[in-house]
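Colleague: I would like to learn how to read side-chain contacts and symmetry in a model. Can you take me through one?

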Number of protein chains: 2
Amino acid sequence: MPSDPLPSWNDGASKRAILDFVAAVTTEGGPSFVAPADRVAVFDNDGTLWTEQPMYAQAFFIADQVRRLAPRHPEWATEQPFAALLSGDRAALAGTGEAGLGHLVAAAHAGMTTDEFDAQAAAWLATATNPRTGHRFTESVYQPQLELLALLRVNGFRIFVVSGGGIDLMRLFTEEVYGVPTDRVVGSSGKVAYALENGVPTLTKLPELGSLDDKAGKPENIRLHIGKRPILAFGNSDGDQAMLEFTTIGHAPSLGLIVHHDDAAREVAYDRDSAIGKLDTALDAAPGYGWVVVSMKDDWNRVFPFAD
Amino acid sequence: MPSDPLPSWNDGASKRAILDFVAAVTTEGGPSFVAPADRVAVFDNDGTLWTEQPMYAQAFFIADQVRRLAPRHPEWATEQPFAALLSGDRAALAGTGEAGLGHLVAAAHAGMTTDEFDAQAAAWLATATNPRTGHRFTESVYQPQLELLALLRVNGFRIFVVSGGGIDLMRLFTEEVYGVPTDRVVGSSGKVAYALENGVPTLTKLPELGSLDDKAGKPENIRLHIGKRPILAFGNSDGDQAMLEFTTIGHAPSLGLIVHHDDAAREVAYDRDSAIGKLDTALDAAPGYGWVVVSMKDDWNRVFPFAD
């Protein structure tokens with residue numbers, strides 16, 4: 001028997017569903033075989049591949065950017081989500097959801113070139129730590145999911161991150177941390193404008209939102225960026241429900257999965273009433289569509305790569 | 001000596017520039033080595049990978065769609081580019097350029113689901129022929145470029161098509177014809193809206209233009225879809241100039257190339273005064289930036305895969 005490709009997953013229905021699905025779609029001549037070109041897997045990021053507690057990593061990052069720009073934007077003192085961020089009101093900030101985050105991303109970086117953004121964000125990622133885990137954000141990823149990404153990759157899947165987080169920040173670490181290259185990252189984005197400035201090709205970030213990659217925006221962006229329906233989708237919140245529908249309904253073979261954050265001891269237990277990563281309608285829909293609800297508490301024997 | 005990887009390219013400065021560049025960026029330990037993850041090559045489609053004469057292939061395709069929808073749009077009788085298309089005025093239609101084409105793409109398909117579009121477009125591609133070559137549009141591609149794509153691929157390049165043509169139509173043939181999967185196709189696009197309609201996940205094409213992938217739109221979309229500066233760009237018109245700048249200026253090692261359509265015998269000779277694929281400012285800029293101007297007449301001993 002070969003060694004277990006998913007050692008951080010406990011034996012049980014969730015692990016079995018994954019292993020059975022991968023075996024089925026890769027068995028040539030079998031009834032569920034899928035050609036490698038169509039083995040597209042999409043993963044949400046916040047709450048699915050890395051922790052979104054105590055707050056989206058992107059929110060910590062843009063707090064510094066917004067504070068720097070605030071003197072030029074007096075209206076932010078009363079306008080959400082800026083006011084919540086500037087006053088340190090985490091509950092109000094969380095209440096603006098991934099939509100609020102998308103607007104912050106677009107607004108807070110306007111006027112900066114993409115090179116300036118990339119340099120600042122890379123420096124932040126190299127040093128900032130998640131206040132709850134005490135580890136870098138890029139280390140506060142889920143070990144069982146790293147194993148799943150590796151399993152899918154050796155089985156010929158092309159893996160895409162499709163997340164409400166900002167596309168630019170994610171691209172600075174997805175290749176190193178998840179093995180996902182920049183062109184396989186889909187996220188919320190602000191528009192950019194190209195010009196040859198003093199002979200230098202320059203992309204400047206505009207205050208205009210390009211796309212909010214959440215809810216219906218996920219299948220819409222999958223069409224734009226990938227151009228194929230995935231056969232596997234993994235999410236953790238109602239923001240992923242449309243992507244799960246698009247992947248699985250009337251589209252066999254396929255597999256939909258949801259991380260259920262039910263582990264108060266090793267992370268945070270949250271679902272229907274949470275401002276961050278609210279999981280309510282998708283949890284209700286899961287049984288009817290056959291989506292696998294993965295219990296962090298019961299299905300994962302390890303949560304993070306560091307000891308926990 | 002290994003067999004020639006570019007048999008349809010005549011020996012000369014253009015072929016030498018390509019072979020030298022590929023050798024330089026793949027020589028480990030050499031001064032111009034580029035890691036495989038950064039070997040990104042971008043190709044325009046119309047006039048660069050396949051012929052855009054006597055008219056963009058997409059224009060032939062959407063003519064049928066526009067005629068079908070015209071009764072619902074009386075304003076099209078006087079509004080360009082619709083009027084030119086409906087009246088069969090090819091010169092006027094060509095005069096609206098790739099921008100006009102982008103607007104036609106967005107407008108003519110509104111209200112259709114993506115599944116409906118894909119089925120209609122695939123049926124069209126399977127049967128329609130280019131009136132000048134007498135062969136299918138998907139056969140009216142440039143043999144020397146197919147060889148170049150293969151050479152780049154075996155040398156670890158990721159190849160993207162970045163074209164003013166509609167992203168949806170291109171994706172239906174790029175995998176089979178160019179070996180370029182759907183997620184590596186960037187093009188002009190209309191917006192789509194996702195909804196679960198009667199329990200069926202549905203993407204509906206909207207009349208709103210999402211992005212016009214021409215001129216400055218090319219580096220802007222490269223940022224959005226690829227997230228990295230390419231190291232090789234190949235175009236044929238002023239619409240590719242911004243992409244060539246973005247790829248090459250202050251970004252070594254890199255290679256910019258332009259197909260110069262100077263072969264009246266085997267294709268059509270056109271450049272500065274052409275409504276289709278106008279090549280004027282980019283031709284003037286080429287020497288200063290070191291872009292390689294590829295003469296169809298002198299550099300290619302064969303143009304199409306079929307006898308010509």
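This is a predicted model: local features need pLDDT of at least 70, side-chain atom pairs count only at pLDDT 80 or more; totals for chains, interfaces and linings use all residues.

Colleague: Start with salt bridges. How many salt bridges are counted over all chains?

Modeller: The general idea comes first. Side chains of opposite charge can pair when their charged atoms come close. Here the count over all chains is 30 salt bridges.

Colleague: Which residue forms a salt bridge with K15(A)?

Modeller: The partner is D4(A), and the closest N and O atoms are 2.6 Å apart. K15(A) belongs to helix α1 (residues 13-26) of chain A, while D4(A) is in the segment before α1, so the pair ties together parts 11 residues apart in sequence.

Colleague: Is K15(A) buried or exposed?

Modeller: K15(A) is buried, at a relative accessible area of 4%. D4(A) is partly exposed, at 36% relative accessibility.

Colleague: Now a salt bridge between distant parts of the chain. What does D38(A) pair with?

Modeller: D38(A) forms a salt bridge with K228(A), with 3.1 Å between the closest N and O atoms. D38(A) sits in the loop between α1 and β1 (40-43) of chain A, and K228(A) in the loop between α10 (217-225) and β5 (232-235) of chain A; they are 190 residues apart. D38(A) counts as partly exposed at 34% relative accessibility. K228(A) counts as buried at 17%; the label applies because buried means under 20%.

Colleague: Which strands hold K191(A) and E208(A)?

Modeller: The side chains of K191(A) and E208(A) meet in a salt bridge of 3.6 Å, N to O. K191(A) lies in strand β3 (residues 185-197) of chain A and E208(A) in strand β4 (residues 200-211) of chain A, so the pair ties together parts 17 residues apart in sequence. K191(A) is partly exposed at 31% relative accessibility, and E208(A) is partly exposed at 43%. Salt bridges can also share partners: D118(A), D168(A), K205(A) and R223(B) are joined into one network in this way.

Colleague: Next, the aromatic pairs. What should I read off for each one?

Modeller: A pair of aromatic rings is described by the distance of the centres and the angle of the planes. The structure holds 28 aromatic pairs over all chains. Take Y142(A) and W300(A): the centres are 5.3 Å apart, the planes are at 50°, and the pair is tilted.

Colleague: Where do Y142(A) and W300(A) lie?

Modeller: Y142(A) is in the loop between α6 (114-127) and α7 (143-154) of chain A, and W300(A) is in the segment after α13 (296-299) of chain A, so the pair ties together parts 158 residues apart in sequence. Both Y142(A) and W300(A) are buried.

Colleague: And in chain B, what is the geometry of the pair Y142(B) and F304(B)?

Modeller: Y142(B) and F304(B) are tilted, with 5.8 Å centre to centre and 35° between the planes. Y142(B) lies in the loop between α6 (114-127) and α7 (143-154) of chain B, and F304(B) in the segment after α13 (296-299) of chain B, so this pair ties together parts 162 residues apart in sequence. Y142(B) is buried at 0% relative accessibility. F304(B) is buried at 1%.

Colleague: Which residues form one aromatic cluster with Y142(A)?

Modeller: W9(A), W300(A), F304(A) and F306(A) form one aromatic cluster with Y142(A).

Colleague: Which charged ends sit over rings?

Modeller: Two cases from chain B. The charged end of K205(B) sits over the ring of F117(B), 4.5 Å from its centre. That of R184(B) sits over the ring of F160(B), 5.8 Å from the centre.

Colleague: What rotation superposes chain A on chain B?

Modeller: A rotation of 180° does so, with 0.0 Å of shift along its axis and an RMSD of 0.0 Å. The two copies are therefore related as by a two-fold rotation axis. In chain A, the C-alpha nearest the axis belongs to H225(A), at 3.3 Å. The same surface serves both copies, as 100% of the contact residues of chain A recur in chain B.

Colleague: Last, the strands. Which way do the residues of strand β5 of chain B point?

Modeller: L232(B) and F234(B) point one way from strand β5 (residues 232-235), A233(B) and G235(B) the other way, and all are buried. Strand β1 (residues 40-43) of chain B pairs with β5(B) in the parallel sense over three bridges. A233(B) is the bridge partner of V42(B). β5(B) also pairs in the parallel sense with strand β6 (residues 255-260) of chain B, over four bridges. There, F234(B) stands opposite L257(B).

How values were computed. Residues are numbered from 1 along each chain as its sequence is written. Chains are lettered from A and ligands numbered from 1 in the order in which they are written. Side-chain values use heavy atoms; hydrogens and water are left out. A salt bridge is a side-chain nitrogen of Lys or Arg within 4 Å of a carboxyl oxygen of Asp or Glu. Helices (H or I, at least four residues) and strands (E, at least two) are DSSP runs, numbered from the N terminus. Buried means under 20% relative accessible area, exposed over 50%, partly exposed in between (1.4 Å probe, protein chains only). Rings of Phe, Tyr and Trp (its six-membered ring) pair if their centres lie within 6.5 Å; planes under 30 degrees apart count as stacked, over 60 as edge-to-face and the rest as tilted. A charge sits over a ring if NZ of Lys or CZ of Arg is within 6 Å of the ring centre and within 35 degrees of the ring normal. Copies are superposed by least squares on the C-alpha atoms of residues with pLDDT of at least 70 in both. Contact means heavy atoms within 4.5 Å. Two strands pair if DSSP finds at least two bridges between them.
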